[in-house]
Amino acid sequence: METRVETLPNYRIAYVRQYGPYGPANLQAMQKLKKWAMEKGLLTESAILFGIPQDNPQTTLPEKCRYDACIAIRNDEQIDDLVCESELQGGVYVIFTIKHTAEDVQRAWTEIFPAIHNMGFQIDGKPILEKYSGDMLKNDFCEICVPIKPV
């Protein structure tokens, strides 16, 4: 698992929200977003997609968990009723590059929190992001971006 610290900018995003247990339904939300983005000409080589689990499944009932499938959009990009709009707050993140398989994602979720602690950081209050850009989607990789602040 490759690890680095990086400052992410603020992003204007269009998103589709999925309610329910995290898992296969998240993929449906991402597919719906990709279809919308493709029709708008936004799903290009330079597109940046995010998956944002909004709730902790250990403290939130599965049916109440929210997952946002997002794409970064330009400030002048028009959206419609098929998606919602928001701003993703940037900042300092520890970024873990992983193979995007169920096994590797599960392993990463158990390893990232001790790794952040060992690096001398604590998690900031912003959501943790799954980021997909460039060839990552084609090659089944993703970045788990964890917002941090010094201890």
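Visitor: How many residues are in the largest nonpolar core, and which have the most contacts inside it?

Guide: In soluble globular proteins, nonpolar side chains tend to be buried together. In this predicted model, the largest nonpolar core holds 28 residues. Those with the most contacts inside the core are L33, W36, I71, I144 and V146.

Visitor: Which elements give two or more residues to this core?

Guide: They are the helices α1 (24–39) and α2 (102–118), together with β2 (11–19), β4 (66–73), β6 (91–99) and β9 (141–150). The largest share comes from α1, with five residues.

Visitor: What is W36 in contact with, leaving aside neighbours within four places in sequence?

Guide: W36 contacts A14, L42, I71, Q78, I79, D80, L82 and V83. There is also a second, separate core, of 13 residues, with L8, Y11, Y15 and I48 among them.

Visitor: Next, the aromatic rings. How many aromatic pairs does a search of the whole structure find?

Guide: A pair of aromatic rings is described by the distance of the centres and the angle of the planes. The search finds three pairs. In one of them, Y22 and Y67 have ring centres 6.5 Å apart and planes at 65 degrees; planes over 60 degrees apart count as edge-to-face, so this pair is edge-to-face.

Visitor: Where in the chain do Y22 and Y67 lie?

Guide: Y22 is in the loop between β2 and α1, and Y67 is in strand β4, so the pair links parts of the chain 45 residues apart.

Visitor: Is each of the two buried or partly exposed?

Guide: Buried means under 20% relative accessible area. Y67, at 4%, therefore counts as buried, whereas Y22, at 25%, is partly exposed.

Visitor: What does I148 touch, not counting residues up to four places away in sequence?

Guide: I148 lies in strand β9 and is buried, at 6% relative accessibility. Its contacts are V5, V92, Y93, V94, I116, F121, Q122, I123 and D124. Of these, I123 is 25 residues away from I148 in sequence, yet their C-alpha atoms are 4.4 Å apart.

Visitor: How is α2 to be read, and where does its kink lie?

Guide: Start with the span. The 17 residues of α2 reach 25 Å from first C-alpha to last, close to the 24 Å expected at 1.5 Å a residue. The kink, of about 30 degrees, is at E111, shortly before the proline P114. Just after α2, G120 has a positive phi of about 85 degrees.

Visitor: Which residues of α2 are buried, and what do they pack against?

Guide: The buried residues are D104, V105, A108, I112 and I116. They pack against β6, β7 (121–123) and β9.

How values were computed. Residues are numbered from 1 along each chain as its sequence is written. This is a predicted model: local features need pLDDT of at least 70, side-chain atom pairs count only at pLDDT 80 or more; totals for chains, interfaces and linings use all residues. Side-chain values use heavy atoms; hydrogens and water are left out. A nonpolar core is a set of buried Ala, Val, Leu, Ile, Met, Phe, Trp, Tyr and Cys residues joined through side-chain atoms within 4.5 Å. Buried means under 20% relative accessible area, exposed over 50%, partly exposed in between (1.4 Å probe, protein chains only). Helices (H or I, at least four residues) and strands (E, at least two) are DSSP runs, numbered from the N terminus. Contact means heavy atoms within 4.5 Å. Rings of Phe, Tyr and Trp (its six-membered ring) pair if their centres lie within 6.5 Å; planes under 30 degrees apart count as stacked, over 60 as edge-to-face and the rest as tilted. The expected span of a helix is 1.5 Å times one less than its number of residues. The bend at a residue is the angle between axes fitted to the seven residues ending there and the seven starting there.
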